[in-house]
Amino acid sequence: VTPKPTVTPAPTLTPGPISGTTFTFADNGKLLANPGVGWQNFDSAGNSDGFPSATIYARYNWADIERVVGTYNFAPIDNTLAQLSPTQRLAFRIMTFNDDTGPVAYANAGLPGTYANYAGKSRFQPNLNDTRVQAAVAKFIQALGQRYGDPSRIDSIDVGFYGPWGEWSETNVFAAPIPTLATCQWLIQTMKAAFPSVPVIANAFHLQINGALPAAFAAGMGWRGDSWGDHPRTGYSWTNQGQLYDPVIAMKPEQWKVAPIYMEPYFVISEWSRYGIDWNTVADWTIRNHIAAIHGKYDTLTTTQKSQISSLLLKIGYRPLISKVVVSGATMTVTIRNNGNTPCYSDRFLRLVVDGVVVDTAINLKGLLPGQSEFTLTNDKLNNAASVSIGFVNTRGIADVQLAQDGTVNNLINLQLK
């Protein structure tokens, strides 16, 4: 296989012939449910508000998983995975606490940490700066990586383990100890080592923790914001977008090319008008800054809001289109357009099925930037072939990438050569 990528402006495409040796396809303008991008359902495997989704985003209480230090109950995560279809994946975070008291197993084991009152309840935060805590947390992360490191099932994992909801925010809650920069660097490297094939996601609030985000970016991590839509506007002297997200983007403007940026809505979208949020401002910012996915919360949306979100989803994430295929003897030239605003962030290799025989290639959708790329491959099975099907498969051989074109069957396009 000899990849020959080029980037050119989008051509004007028309549907190609049903049979022959040259085929062209146009973008069908339909919403796609693809791994790692678009609308990601919050804690639900079903479609949220009718938007197609290939990913569930879920958070798990640390104490529910590690009830005894070094002993793990993975049932909560496994139960979520059991809900998924073969083409869906899980993105998740380990929360320090949500509605519970935090990982008190660490306190019970005599490991250091801090109790603090938060939302009327006493919560425990282990001291991540302590080497004994680090050893226990590293063992936990390694166990997570061994069990959930398959990119065909796991979309991403957040760097949690600190603060309410594991967001690394509200550092004023605990008088001490705030993680040091050295601790943040340790946690970043530990997460990356445990999940070498799965995107690891930092939180924008890491910027406020001793400048840890540069270390996360240097390690190839993506990042996440928990208040998408909170843009600068009259009456708000501090906003997440203006004072947090824009500085993060300015720190590493092209990080989106190597790792995803995810967003969770500020409160819920149906209430944005109460806070003076302008949809067009949010949508333009989202597209311009290469946001890959929105983690949708439970919400009741109006018809107008659904239409606005649908229009946005057509423009964010990767949007793959096999726009042209030329077969000549044993040679095939494939033109792939990415009509979105990000690349794919996980391995998805082009597979051919030539007269029923599988031919795997080294052509990877991962990393293909917006624009057009052309690849040429040679295989003797193409000589005198009657038909060939083409699509992108994950590491389990499942074609889980939807193409932005009509006529696909099980996410493959079928070309009749004779």
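Modeller: The largest cavity has a volume of about 130 Å³. Among the 13 residues that line the largest cavity, Leu32, Val37, Gly38, Leu313 and Ile316 are the closest to its centre. The model is predicted: local features need pLDDT of at least 70 and side-chain atom pairs pLDDT 80 or more, while totals for chains, interfaces and linings use all residues. Residues are numbered from 1 along each chain as its sequence is written, and side-chain values use heavy atoms, without hydrogens and water.

Colleague: Why is this space called a cavity, and what makes a residue part of the lining?

Modeller: On a 1 Å grid over the protein atoms alone, a cavity is a set of points where a 1.4 Å probe fits but cannot get out, and a lining residue has an atom within 4 Å of a point. The volume is the space filled by probe spheres set on the points, which are joined across faces, edges and corners. The chain has 4 cavities of 30 Å³ or more.

Colleague: How many residues of each class line the largest cavity?

Modeller: The lining has 9 nonpolar, 3 polar and 1 charged residues. Here Ala, Val, Leu, Ile, Met, Phe, Trp, Tyr, Cys and Pro count as nonpolar, Asp, Glu, Lys and Arg as charged, and the others, Gly among them, as polar. The second largest cavity holds about 60 Å³, and its lining includes Arg89, Asp155 and Tyr318. By class, that lining has 7 nonpolar, 2 polar and 2 charged residues.

Colleague: What makes a space a pocket rather than a cavity?

Modeller: A pocket is an open set of points with protein on both sides within 12 Å along at least five of seven lines. The second largest pocket contains about 180 Å³, and Trp165, Glu167, Asp226 and Trp238 are among its lining residues. That lining has 3 nonpolar, 4 polar and 3 charged residues.

Colleague: What is the phi of Trp165?

Modeller: Trp165 has a positive phi of about 60° although it is not a glycine, and Phe267 has a positive phi of about 50° without being a glycine. Most residues other than glycine have a negative phi. Trp165 lies in the loop between strand E8 (154-158) and helix H5 (181-194). Phe267 is in the loop between strand E11 (261-265) and helix H8 (279-288). Helices (H or I, at least four residues) and strands (E, at least two) are DSSP runs, numbered from the N terminus.

Colleague: Why is a set of residues called a nonpolar core?

Modeller: It is a set of buried Ala, Val, Leu, Ile, Met, Phe, Trp, Tyr and Cys residues joined through side-chain atoms within 4.5 Å. The largest such core has 116 residues, and Leu90, Phe92 and Trp228 are among those that touch the most other members. Helix H4 (residues 131-148) gives the most to this core, with 9 residues.

Colleague: How do you know that the radius of gyration agrees with a compact globule?

Modeller: The radius is taken over C-alpha atoms, and the globule rule is 2.2 Å times the number of residues to the power 0.38. For 418 residues the rule gives a value near 22 Å; the chain has 23 Å, which agrees.

How values were computed:
Buried means under 20% relative accessible area, exposed over 50%, partly exposed in between (1.4 Å probe, protein chains only).
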